[in-house]
Amino acid sequence: MRIAIFGLGYVGTVTAAGLASQGHQVCGVDVDTLKVEHIRSGRSPVVEPGIEELIATAVAGGDLTATTDSVAALERADVSLLCVGTPSKSQGGTDLTYLQRALDDIRQGLEVATPPASGFHAVVVRSTVPPGTGDEVVRTAFSSVPPGWAIGTAMCPEF
């Protein structure tokens, strides 16, 4: 399976390394070029027991790559996992800015990326978000998609 992972913090990096270690083709996407460079060089941008070895092996085997280019990550991808930060706001709400940015990047990327052979692409939110975000934010981002793509959405929060 080809998997695009948006966000290379703790959740995204560990998820990417784990999936790549199982033979999936994983491409991590992040706006932070240092995180991307760490992955590309076979190193981890986060501290987690055993993660360095998983990343080094997956990168050396060609199962794990990283980029700042969401279109490259979406190329023929079967699924996108959104592992971006969702920090608390000063008044106690959740800041969905990074989630919305990732959704926008995916939506725009669909315009130029090649869909998977099946034409079906799943967008799965791994970030912790308030109830209703799936219907109110994620699903509405894909109310219309370019020809050749069919999009499904799901929630699989980190906690």
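This is a predicted model: local features need pLDDT of at least 70, side-chain atom pairs count only at pLDDT 80 or more; totals for chains, interfaces and linings use all residues.

Tutor: Five of the six residues of β5 are buried, so β5 is largely enclosed by the rest of the structure. Buried here means under 20% relative accessible area, with exposed over 50% and partly exposed in between (1.4 Å probe, protein chains only). Strands are DSSP runs of E, at least two residues, and helices are runs of H or I, at least four, both numbered from the N terminus. Residues are numbered from 1 along each chain as its sequence is written, and side-chain values use heavy atoms, with hydrogens and water left out.

On to the neighbours of β5. On one side, four bridges join β4 (residues 79-82) to β5, and the two run parallel; S80 stands opposite V123 in that pairing. Six bridges join β5 to β6, also a parallel pair, and there V124 faces A154. Two strands count as paired if DSSP finds at least two bridges between them.

Zoom out and you get an open sheet of six strands, ordered β3-β2-β1-β4-β5-β6, with parallel pairing. β3 (64-67) and β6 (150-155) are the edges: each has a single partner strand, so one side of each lacks a neighbour in the sheet.

Now the packing. The largest nonpolar core has 23 residues, and V123 is listed with F6, L82, L99, L103, I106 and F142 as touching the most other members. Such a core is a set of buried Ala, Val, Leu, Ile, Met, Phe, Trp, Tyr and Cys residues joined through side-chain atoms within 4.5 Å. Among the elements giving it two or more residues are β5 (120-125), α5 (97-109) and α6 (133-141), and the largest share, four residues, comes from α5. F142 ties some of this together: leaving out residues up to four places away in sequence, F142 touches L103, I106, R107, L110, V123, I151 and T153, where contact means heavy atoms within 4.5 Å.

As for those two helices, L99, Q100, L103 and R107 in α5 meet T133, V137, V138 and A141 in α6. That contact divides into five nonpolar residues, two polar and one charged. By that scheme Ala, Val, Leu, Ile, Met, Phe, Trp, Tyr, Cys and Pro are nonpolar, Asp, Glu, Lys and Arg are charged, and the others, Gly among them, are polar.
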